[in-house]
Structure formats: structure tokens, C-alpha cells
Amino acid sequence: QVQLAESGGGLVQAGGSLRLSCAASGGTFSRYTMGWFRQAPGKEREFVAAIRWSDGGKTYYADSVKGRFTISRDIAKNTVYLQMNSLEPEDTAVYCCAAGRQGLVLVPTWAYEYWGQGTQVTVSS
């Protein structure tokens with residue numbers, strides 16, 4: 001049974017940084033794409049970033065976070081990270097990690113089969 005567990009959320013001031021972790025277990029992820037999504041109150045869940053376990057860890061970012069967030073993976077630890085710098089109040093949301101086997105479509109939620117429970121990130125002004 002594949003399980004994803006996020007950690008690292010919290011309360012920070014604008015301009016601060018957080019690093020989120022997503023620990024994956026229960027499967028082999030070499031063919032997977034790992035994604036980070038977020039959902040703010042009253043808004044739809046939106047794509048944040050994605051990384052491929054293979055292909056040298058190719059990364060993809062939403063325009064809203066490009067240049068501020070960095071996604072990475074530690075293959076030995078089966079863990080994906082999201083380093084978030086220069087945080088803004090607009091980044092406040094529940095952040096979830098996800099895993100999907102098909103790698104052609106990265107943005108929609110239906111492209112991912114497994115989801116973590118999420119971790120709250122709150123950025124105060």
C-alpha cells in the first residue's frame with residue numbers, strides 16, 4: 001500500500017522560508033512523477049511543482065512559484081522536498097504531495113493516484 005506523508009508545514013512571516021518533506025513508502029517509485037499541490041480556503045487545488053524520479057530528476061513549476069520554490073528528491077530516502085523561499089501570504093494553503101505513474105500530464109489532480117494528507121502552511125503579513 002503506497003503511502004505519502006508530508007511534514008514541515010508551519011507558521012512563518014512573509015519573506016521567510018520553509019522546507020516541506022514528503023516521505024513515500026509501500027512501493028517502487030522509479031517510474032513515478034511526484035507532485036506538490038496546494039489548496040487555499042475557497043480555492044481549487046492547484047499544481048505547484050513536480051519532479052520525476054528518473055530522467056535526472058526533471059522539474060516543473062507553476063509560474064506563481066517559479067524562482068522561489070525548489071523541488072528535489074532524495075532517492076535513497078524515498079523523499080521529495082519542497083524548499084519554499086520568499087514566502088508570501090498568497091502561499092498560505094494546505095500543501096499535499098502526490099504520486100502518479102503516467103508522466104505526460106502533470107498539472108491536473110487526476111494525473112496522480114496517491115495523495116498525502118497535507119500539511120498546513122500559513123504565511124503572515
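Predicted model: local features only at pLDDT ≥ 70, side-chain atom pairs only at ≥ 80, totals over all residues.
Seven is the count of aromatic pairs in the structure, given as 7 by the distance rule applied here. In one of these, the ring centres of F37 and F47 are 5.7 Å apart and the planes meet at 75 degrees; the pair is therefore edge-to-face, as the angle is over 60 degrees. F37 belongs to strand β4 (residues 33-39) and F47 to strand β5, so that the pair links distant parts of the chain, 10 residues apart. Both of these phenylalanines, F37 and F47, are buried.

Y112 and W115 also form an edge-to-face aromatic pair, with 6.1 Å from centre to centre and 70 degrees between the planes. Y112 has a relative accessibility of 6% and is therefore buried, the limit being under 20%. W115 has a relative accessible area of 26% and is partly exposed.

Most residues other than glycine have a negative phi. Two residues with positive values are described here. D55 has a phi near 55 degrees and is located in the loop between β5 (46-52) and β6 (59-61). With a relative accessible area of 57%, D55 is exposed, because this value is over 50%. N78 has a positive phi of about 50 degrees and lies in the loop between β7 (69-74) and β8 (79-84). The relative accessibility of N78 is 24%, which makes this residue partly exposed.

Terms used:
Residues numbered from 1 in each chain as written. Heavy atoms only, no water. Helix = DSSP H or I, 4+ residues; strand = E, 2+ residues; numbered from the N terminus. Buried < 20%, exposed > 50% of the residue type's maximum accessible area, 1.4 Å probe, protein only. Phe/Tyr/Trp six-rings, centres within 6.5 Å; stacked < 30°, edge-to-face > 60°.
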